[in-house]
Amino acid sequence: MHVLRAVRRFLAGCPLLPPLAAVACAILAVEGGRGVAGALVSPWALGVAAAVLVAVAFRLWRISAAALLCGAVALLYAGMLAEDGRAMRERAFSRGSLELQGRVVRELERGCIVSPGWNRPDVVVRGDRNRMGFALGDSVRVRGVPTVEERPPVPGMFDPAAWRRGQGIAISLDFVEGENLGHTFSFTDIRRVGLDIRARLLRRMMPPGTEADPRRQVLCAMVLGDKSSAEDETMDVFRKGGCLHVFAVSGLHVGLVFGIFWKLFLALRAVRPKVARPLILLLVGAYVLVTGCAVPAVRAFLMLALMMLGLMLRRRVGMANIWCFAALATLLASPCRLFDAGFLLSFSVYAGICLGVHFCRNDAPLIHPDPYLPRRLWNKRQRRMDLWERNARACVVVSLSAWLVSLPVTVCFFHTVTPYSVLTNIAIAALLLPLMFCGLAFMLLGWVPLLGAAVEWCALQSSAWLIAVVGFFAGLPHAYLAACPPQPADSAMLLTRFSGACCVLGNPGLLVNCGNDKTASFTVQPALFHSGYRPAMLLVSGKKASLAGGADTMQREFPGMGVLRYDSLPPGGFSFRTAAGEFSVFPAVESPNAADSNRAPVVLWQGASRRILYVGDASVDTLLSVPEAERRADTVVIGRHPLQPVMDPELLRATGAKRIILLPNAESPLRERDVAPQAELVPLHGNGVFAL
């Protein structure tokens, strides 16, 4: 009975929770049921009914009516968007192209996002922005062909389809032709004004010639929300330290800005509180506009405005109800946000912080002179100790709560775990306020003589301290882990996502090829990390410079990894040993043909329970130069040599292999009966990850 009363009291104090639950279940029903008709028979539709029935059971009639209305609206709107997006994709793929008219609502590094209307899904148009000639807010007519995008080979790598799903984008098009229809006023123009102001402020905070300074990169990202100037090395420090959230303007930044303005108005005593509250809201709203109107910042500003409005109207403010209102408004305006990692992290972390604050508020102090002694009788030392203890405990509890509630989201979307992020966020808690204050002062007063130099020095010093603290935790062992456990020592993997293939044998073992710098950064290194591999040696097995371009990138990501290049192999080959087994690299045989630029060696790995011969793109002469006893293996991997391909059935049968794998680039005349019944022929097609 007491539990039922507590539930009814909670629902009465947070009346928007059942409507929020109904809206979330309705969106999930549309996603799972593939349309409005399928959503009605989806199991998630029972969640909508449950949210309504719970309110009815406690005789909260208005709440039940609101839950029913919000659930119906979300069901119809999300279903309409899903049907429209499905029809758009079918039309594009059946005709081979798609023509649409809309407004540019966002500019990308290569292309833009076009919105056909408020009640229709958006479309990504990829291409050279100079060739397209479109700007933010322009009304355009474009025609493009559907972009062929492949799924990531392993969980945790960037998934374009998942990103489009969370942004409400129906399809991605490659630009063919387009027409600029002019410019009409819309909310996008207001955002454009804010972005133009940000660009001018960025030039003040990062003058020409200082782009490589990590302190200024952190300042621009934290104060103005601009990550375009941040180098990968700077972002990796914060990513591995578990506090990459400081790079995106969110509720943390909005709260700090509000606190700074509030304290300034109180200290100046020039404006009365009745005037100060709406004035501060205008200033914080301008800050959100200048920083790009990110979803977490808009959520924080909306909640802050509701809280201040309640205080001005002398109404009881419930933070849980405000949280529900912000989430409800966001999902009703854009149902796709339910599948966006930023939305889930923002709202889940805020919920964790509220739980931590509630725990600290109701818990008894650990340091007190006497539980029966009134606080007014405490001396200064006792009050100071109590204040220190409460603040320290609140920092620990809030950081731990935020980390625990965000852990499932980070594992699901990013496939990573940062075990030291709790300690990192506790350590930087005292640095964020001075950094934000100095950054705002530098942004607003940097043009003033003498004073501008002083605030610039303070801002750069605060940024340097933040980088040093985060770098300390990021440099600790196992600071950034994949969600999956490390692979066994006798495991091996093929990755085919660029010209040729890369192969990792053993763990820790030998990595054969890594592509150029871009391929190594965005494909090979993330695939190895999220798959649970850590190479001990990199073999660059091609003469082209592009095949060696990613070696430096791989060494930065895997410190201590050696690099073995094809031109540095001794004539007799090279052998080394790790915990995964023994590796032998046999150099390529020089070809008398001047047109033959291939210098791929042959690799043999002898593990504890298996033996793999990686021929790759090596020539048949190189394979024959390997001693016959070293050619014996359980598995043979063959690629493509332009002049001397390894396709002799007798030579392959002599290896004794039970499985012969042909890489996607292999132009194979082999057939199954050429190597059967001794071996199984496995031709690989397309790009992906294949376990050996």
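Q: What do the side chains of Glu179 and Arg141 do?
A: They meet in a salt bridge, 3.0 Å from N to O. The pair ties together distant parts of the chain, with Glu179 in strand β5 (residues 169-183) and Arg141 in strand β4 (residues 138-146), 38 residues apart. A salt bridge here is a side-chain nitrogen of Lys or Arg within 4 Å of a carboxyl oxygen of Asp or Glu. Helices (H or I, at least four residues) and strands (E, at least two) are DSSP runs, numbered from the N terminus.

Q: What sort of model and numbering is this?
A: This is a predicted model, where local features need pLDDT of at least 70, side-chain atom pairs count only at pLDDT 80 or more, and totals for chains, interfaces and linings use all residues. Residues are numbered from 1 along each chain as its sequence is written, and side-chain values use heavy atoms, with hydrogens and water left out.

Q: OK, how many salt bridges by that rule?
A: The count comes to 13. One of the pairs is Asp236 with Arg239, at 2.3 Å from N to O. Both sit in helix α10 (residues 232-241), three residues apart, about one turn of the helix.

Q: Is Asp236 buried or exposed?
A: Asp236 counts as buried, because its relative accessibility is 18%. Arg239 is partly exposed at 29%. The cut-offs: buried is under 20% relative accessible area, exposed is over 50%, and partly exposed is in between (1.4 Å probe, protein chains only).

Q: Which residues are linked in a network of salt bridges?
A: Asp213, Arg215, Arg216 and Glu456.

Q: Switching to the backbone: which residues does the cis peptide bond join?
A: Asn507 and Pro508, with omega about -5°. Pro508 is in the loop between β9 (502-506) and β10 (509-512).

Q: And what about phi of Arg59?
A: Phi of Arg59 is near 60°, a positive value in a residue other than glycine. Most residues other than glycine have a negative phi, and most peptide bonds are trans. Arg59 is in the loop between α4 (45-57) and α5 (61-95), and is exposed, with a relative accessible area of 62%.

Q: Where does His478 lie?
A: In the loop between α18 (451-474) and β7 (481-482). His478 also has a positive phi, about 60°, although it is not a glycine. At 59% relative accessibility, His478 counts as exposed.
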